Amino acid sequence: MNFLWGIDLGGTKIEGVIIKEINEKPEVVCRMRVSTEAEKGYEHIIHQIYTLVDNLKKESGLIPSKIGIGTPGTLEPSTQTLKNSNTTCLNGKFLKKDIESALHLPIEIANDANCFAIAETLWGCVPEKVSKAEVVFGIIMGTGVGGGLVMFQKVPTGKHGIAGEWGHNFLDISGGNCYCGKVGCVERILSGPSLEKFYHSLSGEKKKLPDIYKSYQRKDDAHSTATMERMIHYFGKAVAMVINIVDPDAIVIGGGVGNIDLLYSEGVMEVKKYIFNPTLETPFLKPKLGDSAGVFGAALLTKDT
């Protein structure tokens, strides 16, 4: 039987899983985690990954032939170094090569948003709702904003390793400066912290996004209404660009902001205003796998590769 091994490399924890696929559905054989302890540096993270894999071997009695790893960044194809990671000690490092050297086996690496997208495409909400989905776009709207692209059950990388990048497209100048060095990125408008910041700029009050949404539903706060209307408007513009370019068979929305039901109603209607088509047939789906999507998607990177 073919076992799939995956690791989700996060900023605070590193999670590993061994999965056997039965009738195209995942069955977890073993799952565990260790702390990332990124403050101890790059070499320590490599050591933690080695420790996790060793623990998985001991617990399961299995030996991997390859492992998939989801990362908070992307490999630069020309140099094979990691870039765009918010775990900054990983940037500029030969992460894939160094992990392969530590584990003495091949690995596959993809951005965590792509792992989310492939997991929901093959094992999550997509097969339950859409038949024969060839192209799927996964959106993560939370503390940050990201996008993942799946084409014909594979994760494409692209010339620069950024295929599917959504959070750092230009959306509107009002978003202001982004940590990436650009201005007006999608992330600076549609992430949870950015929406909270906008609310604060109007009201002078600091309020968490779920509370802003509750006020919007009660219709007792004009600033909450303005914040939600801003989210809807720019969600429509940002997602329409994706549909115009790759025209996915389904869009899956994950992350904390993605829990706001408004996106699936007024948000979708706003998308319709901006796409280059008289109708909008794209299904917008809520994810099924929860916090398993990242590590499951990492395991799927090794399937048939």
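This briefing covers the salt bridges of the structure and one of its sheets.

The model is predicted, so local features are given only at pLDDT of at least 70 and side-chain atom pairs only at pLDDT 80 or more, while totals for chains, interfaces and linings use all residues. Residues are numbered from 1 along each chain as its sequence is written, and side-chain values use heavy atoms, with hydrogens and water left out. Helices (H or I, at least four residues) and strands (E, at least two) are DSSP runs numbered from the N terminus.

**Salt bridges**

- The structure holds 14 salt bridges, each being a side-chain nitrogen of Lys or Arg within 4 Å of a carboxyl oxygen of Asp or Glu.
- Arg-31 and Glu-15 form one of them, with their closest N and O atoms 2.5 Å apart; the pair links distant parts of the chain, since Arg-31 lies in strand E3 (residues 25–35) and Glu-15 in strand E2 (residues 13–22), 16 residues apart.
- Glu-15 is buried at a relative accessible area of 3%, whereas Arg-31 is partly exposed at 32%; buried means under 20% relative accessible area, exposed over 50%, and partly exposed in between (1.4 Å probe, protein chains only).
- Asp-261 and Lys-286 meet through their side chains in a salt bridge of 2.7 Å, N to O; Asp-261 lies in the loop between strand E10 (250–254) and helix H9 (266–274) and Lys-286 in the loop between strand E11 (284–285) and helix H10 (293–300), so the pair ties together parts that are 25 residues apart in sequence.
- Asp-261 is partly exposed, with a relative accessible area of 42%, and Lys-286 also counts as partly exposed, at 46%.
- Salt bridges with shared partners join Lys-13, Glu-15, Arg-31 and Arg-33 into one network.

**The five-stranded sheet**

- Five strands form an open sheet of mixed pairing in the order E3-E2-E1-E4-E7, where two strands pair if DSSP finds at least two bridges between them.
- The edge strands, each pairing on one side only, are E3 and strand E7 (107–111).
- From one strand to the next the twist averages 20°, with axes fitted as lines to C-alpha atoms (for helices over the stretch in contact) and angles running from 0 to 180 degrees between N-to-C directions.
- Strand E1 (residues 3–9) and strand E4 (residues 67–71) run parallel and are joined by three bridges; Ile-7 stands opposite Ile-69 in E4.

**Helices on the sheet**

- Helix H3 (residues 112–122) packs on the sheet, touching E4 and E7, and its direction makes about 100° with that of E7; contact means heavy atoms within 4.5 Å.
- H10 packs on the sheet as well, touching E1, E2, E3 and E4, and its direction makes about 130° with that of E1.
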